[in-house]
Amino acid sequence: MHKDIHIFCMKWGTLYDATYVNRLYSMVKRNLNLPFTMVCFTDDEKGIDDHIKCFPIPEIDIPGNLPERMWKKLTTLKSDLYGLEGTALFLDLDVVIVDNIDCFFEDDNPFMIIKDYRKQWRITGNSSVYRFEIGKHGYVFDYFVANFDTIRKQHRNEQEYLTWAVHEKGMLNYWPKPWCPSYKYDCISKFPLAVWKKPTIPEGAKIIIFHGEINPPKAIKGGRGKWYRYVRPAKWIADYWK
């Protein structure tokens, strides 16, 4: 599967600044041997590397006062996305790439996503890393817009709905489990071991996913937080997240 390759990311609001976009681009450059175009959908291009193509986040007509459930990410599945064509790998801004990612483009499955970390019996995926053919999954976005009120009651967030919609079409596939470990669940030892045991990179890891309270800067520093009593610093993250 070596059509035109695009790496997609999305930045809005103030949670992540341009540094995250630029670091993601830098990590992909070091770890992808295939030619690619980096694309950022954003409401603010300021500070983003000139080698990254920026587009406004496509419009999505949902009430503005609702809690953020990442619904904007569904716009990447639109039938017409600024005329872009080829294969897209979407990456969240706070992932850390620790090994070569050519393998993410070596199968012919129509849609790939991470299997949810905790509830393995469910079909739900984690949309920190998903790959698809641009413009071929417009049904995901179109059905969402037409049935938003129902979907919001049935699905807690964008990744739950996205996985369901693709599964309904019989196109859902998951990455091999070792490729996209969770920092929270796979790199940190359970308490009390976490107090003295340093976080590690699991064997076979390609892209480490951060969700919940810890992000890469917090992981590098270590310390305490709401859901964790103490985590040792992971200085090695700084070697990759740059």
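**View 1. Charged side chains across the chain.** Let's start with charge: the protein chain carries 35 positive and 30 negative side chains, and the centres of these two sets sit 10 Å apart. Keep in mind while looking around that this is a predicted model. The accessible surface of the protein chain is about 12100 Å², and carbon and sulfur atoms make up 49% of that surface.

**View 2. The overall fold.** Count along the protein chain and you get 7 helices and 9 strands. The radius of gyration is 18 Å, close to the 18 Å from the globule rule for 242 residues, so the protein chain is as compact as a globular protein of that length. Laid along its principal axes, the C-alpha trace covers about 50 × 40 × 35 Å.

**View 3. Inside the chain.** How much of the protein chain is buried? Of its 242 residues, 52% count as buried. Now look at who touches whom: among contacts with a separation of 6 or more, 72% are between residues 24 or more positions apart.

**View 4. Strands β1 and β2 side by side.** Here strand β1, residues 5-11, runs parallel to β2, and 6 bridges join the pair. To pick out one of the links, find I7 and then look across to β2, where M38 is its bridge partner.

**View 5. A closer look at β2.**

Notes:
Residues numbered from 1 in each chain as written. Predicted model: local features only at pLDDT ≥ 70, side-chain atom pairs only at ≥ 80, totals over all residues. Heavy atoms only, no water. Helix = DSSP H or I, 4+ residues; strand = E, 2+ residues; numbered from the N terminus. Rg over C-alpha atoms; globule rule 2.2 N^0.38 Å. Buried < 20%, exposed > 50% of the residue type's maximum accessible area, 1.4 Å probe, protein only. Contact = heavy atoms within 4.5 Å. Areas by Shrake-Rupley, 256 points an atom, 1.4 Å probe, with all protein chains shown as cover. Lys, Arg positive; Asp, Glu negative; His and termini not counted. Charge placed at Lys NZ, Arg CZ, Asp CG, Glu CD. Pairing = 2+ DSSP bridges.
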